[in-house]
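Student: I'd like to go through this one feature by feature. Could you give me the general idea each time and then the case at hand?

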Amino acid sequence: MQELKRTHHCGELRLSNLNEEVTVLGWVSKRRNLGSLLFIDLRDRYGIVQILVKTDEIEVPEIRNEYLIQVTGTVTKKDVPNKNLPTGEIEVVASQINIINKSENPPMIIADETDALEDIRLKYRYLDLRRPIMQKRFFTRAKIVKCVHEYLDSHDFVEVETPILTLSTPEGARDYLVPSRVHHGSFYALPQSPQLFKQLLMISGFERYYQIAKCFRDEDLRADRQPDFTQIDIETSFLNEDQILTLTEGLIQKIYKDVINYDVKLPLRRIPYDEAMNKYGSDKPDTRFDLHLESIKEILANNEETLFKENKYIKGFKIENVASETSRKVQDEYNLTARKFSLKSYIFIKFLNNELEGSIVKFLNDEEKAQLIKLFDLKNNDLLVIGVSNVLKTLNFGLGAIRSLLAKKYHLIKEGTYDILWVVDFPLFEKSEETGEITPCHHPFTRPVDKDLDKLETEPYNVYSYTYDIVMNGYEAGGGGLRIYDQNVQKRIFNVLGFTEEDIKRKFGWFIDALKYGTPPHGGLAFGLDRLTMILSGTDNIRDVIAFPKNLSAVCPMTNAPQPVDNDQLKDLGIKLIDEEDK
């Protein structure tokens, strides 16, 4: 094997290197054979450089795309520069070419723009990761992690690792369980977050902790969710909510500046949860565009149309100058979204030629029409989108979803802009959609606001909490809150949630015991590192920023995980599988 000598990286050569003899290593990204001249685009992680091979002057081995080669040659100036490449003003005239390793014909185009479907990209992920745009995203991820270490280390935080094999506790999603070989019938759980352990570290007196933590949740997947993901986990003692948010804002400002050279203006806006839901239809509102939900129940209070009469809540929003573009087909497509949010359909009303048009307009009298026009300040070609429901949360989420879809469809979001804000003052409890039972909005260790403590047992749904989410461009990039440090308050929360003494002892006994030993006031938050990287690298798919992700079916197409295991392995664990027919 020849010596793997390299004097420069492919992407760093410039006019300042003219006439130098250099040796570069890389993969053949593209080749163009013009007879006596062969042009090769050579790629490594630092970029691409053009190699010029004069085939009548040197011996050239057979070279194909994705061959790994070593080239020695002289840097010369191009006659026609390529302004799209940092190395575009020069090329390397080859004097020697060595093949380090050959490659089969790749099953996908390895370039920023590829023709491969996502499952092919995931199956051949090692090739997909050669694409420059993919590597750039992982450099962004690494820069974010570096910023986190620098900022938190400089603010007296200590990095502490917490267990991966732990006890199953209710945290909002299903646990991934790991059977014990030693204790048959018993299981570890992979952590959904380090929540209880980081609180124990506060009880231990560390005061300021952080961790780049691996977390696991067995839940339905989507474009911004994975079964195993990474959190930037932070916890502090003796700081109130305002101090924690201010400290965190400094970290956000540093990340944006150091990673993408974007100046975040502080302090960030803080929007109460109720305002976010009622005004934007989301607890993670994208406020880069002004489409505000308005209640129109009062306007239609006396309307006898069944749709309006039988629903408690009626709300809508206006989008300007798009009515003529919103065909019946477009409306039908968006009504599929309505059903996902338990709404029968959206109501579309167009304002054209100073008149309201739409299937529902015939049920409106002149006064109701005039009030709608006035409330929404309708102008020619404006579109009014209306929803109805007997459940306010359902209606808000349904309208919030189409609000975001229409903003993207009609290009209301300016490219390269960032909308960063806090959503604060969340309710402490909510009603489970599956069981109808009372459940924590976040987790059972969230601290209720002091002024609402008297309502815990009598009006639990009217109790608010010291919680906060950081929202970036309509994504929940992170969140947290102050924790309960008073064991009596913690017991009251468990009672409201209907936990028995046995439940509490079995699931949280070890943690409740710790609260008895001088627990300090504490709180914190966690950022989703994957989601933050997704936002800063300009993609809307979280799988683009995780090296070896799962697809939407929670399968890894590259390794084919998950797979059945040998019966001997199951026997060691004391596990017997149930046939599908026996379920």
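Student: Let's begin with pockets. How much space lies in the second largest pocket?

Tutor: Bear in mind that this is a predicted model. The second largest pocket holds about 580 Å³ of space. Its lining is made up of 27 residues, and S29, R43, I48, A111 and P132 are the ones closest to the centre.

Student: On to helix packing. How should I read a pair of helices?

Tutor: Two packed helices are described by the angle between their axes and the distance between the axes. Take α6 (residues 273-280) and α10 (residues 392-409): their axes come within 8 Å and cross at roughly 60°. That angle is why α6 counts as oblique to α10.

Student: Which residues of α6 and α10 meet?

Tutor: From α6 you have Y273, M277, N278 and Y280; from α10, the partners are L392, K393, N396, F397, G400 and R403. Sorted by class, this contact of α6 with α10 has five nonpolar residues, three polar and two charged.

Student: What about helix ends? Which residue caps the N-terminal end of α9?

Tutor: For a cap, look for a side-chain atom facing a backbone atom at the helix end. Here N365 caps α9 (residues 366-375), with a side-chain oxygen 3.1 Å from the backbone nitrogen of E367. Past the other end, just after α9, D377 takes a positive phi of about 50°.

Student: Last topic, cis peptide bonds. Which residues does the one with P267 join, and what is omega?

Tutor: Omega is the angle to check. The cis bond joins L266 and P267, with omega about 0°. P267 belongs to the loop between α5 (241-260) and β11 (269-272). Also look at the bond from A561 to P562, which is cis with omega near 0°. You'll find P562 in the loop between α13 (529-536) and α14 (567-573).

Methods:
Residues numbered from 1 in each chain as written. Predicted model: local features only at pLDDT ≥ 70, side-chain atom pairs only at ≥ 80, totals over all residues. Heavy atoms only, no water. 1 Å grid on protein atoms, 1.4 Å probe; cavity = no way out; pocket = protein on both sides within 12 Å on 5 of 7 lines; lining within 4 Å. Points joined across faces, edges and corners; volume = space filled by probe spheres on them. Polar contact = N/O pair within 3.5 Å; in protein donor to acceptor, adjacent residues only side chain to side chain. Helix = DSSP H or I, 4+ residues; strand = E, 2+ residues; numbered from the N terminus. Axes fitted to C-alpha atoms, helices over the stretch in contact; angles between N-to-C directions. Parallel < 35°, antiparallel > 145°, perpendicular 65-115°, else oblique. Contact = heavy atoms within 4.5 Å. Nonpolar A, V, L, I, M, F, W, Y, C, P; charged D, E, K, R; others polar.
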